[in-house]
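Student: Could you take me through one part of this model closely, with its burial and its contacts to the rest of the chain?

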Amino acid sequence: MAITIGLALGALIGVLLGLLGGGGSILAVPALVYGMGFTMEQAIPISLIVVAAASAVGVLPKIGAKQVRWRMAGIFAAAGIPATIAGSALSSHLPQPVLMIGFAAVMVLAGIRMLADQGAKGTACEVRSGQVNWRRCAPRSIGAGLLVGLLTGLFGVGGGFLIIPALVVVLGVEMSTAIGTSLLIIIANSVAGIVSHLGGITVDWWVTGAFVAAAMATSLVAGYFGTKTDTTRLQRWFAYLVFAVAAYVLVDTLILH
């Protein structure tokens with residue numbers, strides 16, 4: 001029964017991942033906690049496995065199209081991996097209600113970002129005359145990498161909803177390149193988070209495997225149809241769904257328990 005539920009919920013998360021990119025994984029933790037009865041401690045590494053696997057698949061065509069800033073991804077990862085490990089260590093010492101409230105706050109932030117106007121574009125890391133001014137670009141990249149890494153370790157989110165706005169709005173990276181670069185960063189942070197969280201906890205690998213396999217399969221199919229879908233409207237409705245789930249998490253944590 002648990003494997004069947006894992007397949008169903010994994011398939012749903014995969015559809016969201018395929019249609020919306022990394023932001024779809026924001027519902028993986030609530031699905032694992034409320035749909036499958038896992039604790040937050042168990043749900044975080046499983047969520048990160050889904051995020052890492054989906055990102056690894058998604059980044060391949062971006063690498064082929066040369067839509068990746070390798071050096072910038074390296075700077076983000078260098079800052080983000082230690083922050084992810086620190087976030088994982090902090091997460092293990094926080095009670096589940098505190099983690100759930102914090103996660104609900106992250107969901108609200110993700111929803112706001114999905115509804116926000118993405119027209120603005122920064123200049124810190126713009127390519128000018130074939131070069132990037134790394135003296136100006138690197139410090140801002142490090143700061144953004146630290147924040148994303150900390151959230152990844154604490155709550156098991158890939159951070160794509162923060163990385164892409166940071167790359168585009170703050171650093172001035174083109175959207176197509178920002179997506180590919182963000183996927184590399186997400187893989188690095190997620191793997192660090194998985195390693196940090198798995199020690200000392202018991203994971204049902206059959207259920208986890210079913211969840212991840214279903215998510216990956218439906219993500220690939222949904223990704224194909226996503227190229228023909230009006231993702232702007234879809235993203236807006238998804239943001240409303242994220243707000244609703246965040247509200248449920250808060251009510252369940254603060255009132256029902």
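Tutor: A residue counts as buried under 20% relative accessible area, as exposed over 50%, and as partly exposed in between. The model is a predicted one, and the part I would look at is helix 2, which covers residues 28-35. Six of the eight residues of helix 2 are buried, so that this helix is mostly covered; the buried ones are Ala-28, Val-29, Pro-30, Ala-31, Leu-32 and Val-33. Tyr-34, which also lies in helix 2, has 30% relative accessibility and therefore counts as partly exposed. Just after the helix, Gly-37 takes a positive phi of about 75 degrees.

Because Tyr-34 lies in helix 2 and Tyr-248 in helix 10 (residues 231-256), the pair ties together parts that are 214 residues apart in sequence. Tyr-248, at 45% relative accessibility, likewise counts as partly exposed.

For the setting, the unreviewed UniProt entry places the feature "transmembrane region" at several spans, among them residues 44-61, 98-116 and 237-256. In the model, residues 44-61 are 100% helix and 0% strand, with the end C-alpha atoms 27 Å apart, while residues 98-116 are 95% helix and 0% strand, with their end C-alpha atoms 27 Å apart.

How values were computed:
Residues numbered from 1 in each chain as written. Predicted model: local features only at pLDDT ≥ 70, side-chain atom pairs only at ≥ 80, totals over all residues. Heavy atoms only, no water. UniProt positions renumbered as here; feature names shortened; annotations may be inferred. Helix = DSSP H or I, 4+ residues; strand = E, 2+ residues; numbered from the N terminus. Buried < 20%, exposed > 50% of the residue type's maximum accessible area, 1.4 Å probe, protein only.
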